[in-house]
Amino acid sequence: MSPRPYPYNVAWDGKQVSPGITKLIELSKARWGTRSLGAYVNRNMNRNVTPPIKSVHATGNAWDCFYGIKKTEKENEALARVIWDFLLHNSETLGISLVNWYAFGTYGATYKSSRGEGKLGVRIHSSDAESAGSYQGTPTWLHIELDVAMSKDAAKFSRAWASIPYP
């Protein structure tokens, strides 16, 4: 089976947070205690490119998931690993299009649906130039994008989430 296409090579203004992202925020908070650093905002990506490229946050189909809720950096990164693994292992079921883990290793890691499901879709970055973004300190959030079908349908996303066994 060929990889799912990445749906946001060209982003647009979706005018609001999508129902699926709203449900993901709610379910993640209930399961892991995460918080939201933001979802919808009509803006360009944070890279100095010409012409500017619209951020997936503008579509309403992306969320910055704050996991820095524990007492130590080690505990926070352990929680990030749990969330990352859950999303990757269930990328197709949940309609995950992309996940950026900024604090992974030196330059971060990105899962992208167009590269394959689960770990097949992961790229571990080896420089600032190829990374998803470079931040001072320890960034304690994951950038998560849902595909258009899951983003539009909170009930569908909720059913997919509920179908996945979780310890």
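Mentor: We will go through the nonpolar cores, a surface patch and the aromatic pairs. Keep in mind that this model is predicted.

Trainee: How many residues has the largest nonpolar core, and which have the most contacts inside it?

Mentor: A core is a set of buried nonpolar residues joined through their side-chain atoms. Here the largest one holds 31 residues, and Leu 94 and Ile 144 have the most contacts inside it. At least two residues each come from several elements, including α1 (19-32), β3 (96-101) and β6 (141-146). Helix α2 gives the most, namely seven residues. Another core, of five residues, lies apart from it; Tyr 6 and Val 56 are among them.

Trainee: Which residues is Leu 94 in contact with, leaving aside neighbours within four places in sequence?

Mentor: Those are Phe 86, Leu 87, Leu 146, Met 150, Phe 157, Ala 160, Trp 161 and Ile 164. Of these, Phe 86, Phe 157 and Trp 161 also belong to one aromatic cluster, together with Trp 32 and Tyr 166.

Trainee: Is Ile 53 buried, partly exposed or exposed?

Mentor: Buried means under 20% relative accessible area and exposed means over 50%. Ile 53 has 39%, so it is partly exposed. Ile 53 sits in the loop between β1 (35-38) and β2. With Met 45 and Val 49 it forms a nonpolar surface patch of about 220 Å² accessible area together.

Terms used
Residues numbered from 1 in each chain as written. Predicted model: local features only at pLDDT ≥ 70, side-chain atom pairs only at ≥ 80, totals over all residues. Heavy atoms only, no water. Core = buried A, V, L, I, M, F, W, Y, C linked by side-chain atoms within 4.5 Å. Buried < 20%, exposed > 50% of the residue type's maximum accessible area, 1.4 Å probe, protein only. Helix = DSSP H or I, 4+ residues; strand = E, 2+ residues; numbered from the N terminus. Contact = heavy atoms within 4.5 Å. Patch = residues over 30% accessible without salt bridge, like charges linked within 9 Å, V, L, I, M, F, W, Y side chains within 5 Å. Areas by Shrake-Rupley, 256 points an atom, 1.4 Å probe, with all protein chains shown as cover. Salt bridge = Lys/Arg side-chain N within 4 Å of Asp/Glu carboxyl O. Phe/Tyr/Trp six-rings, centres within 6.5 Å; stacked < 30°, edge-to-face > 60°.
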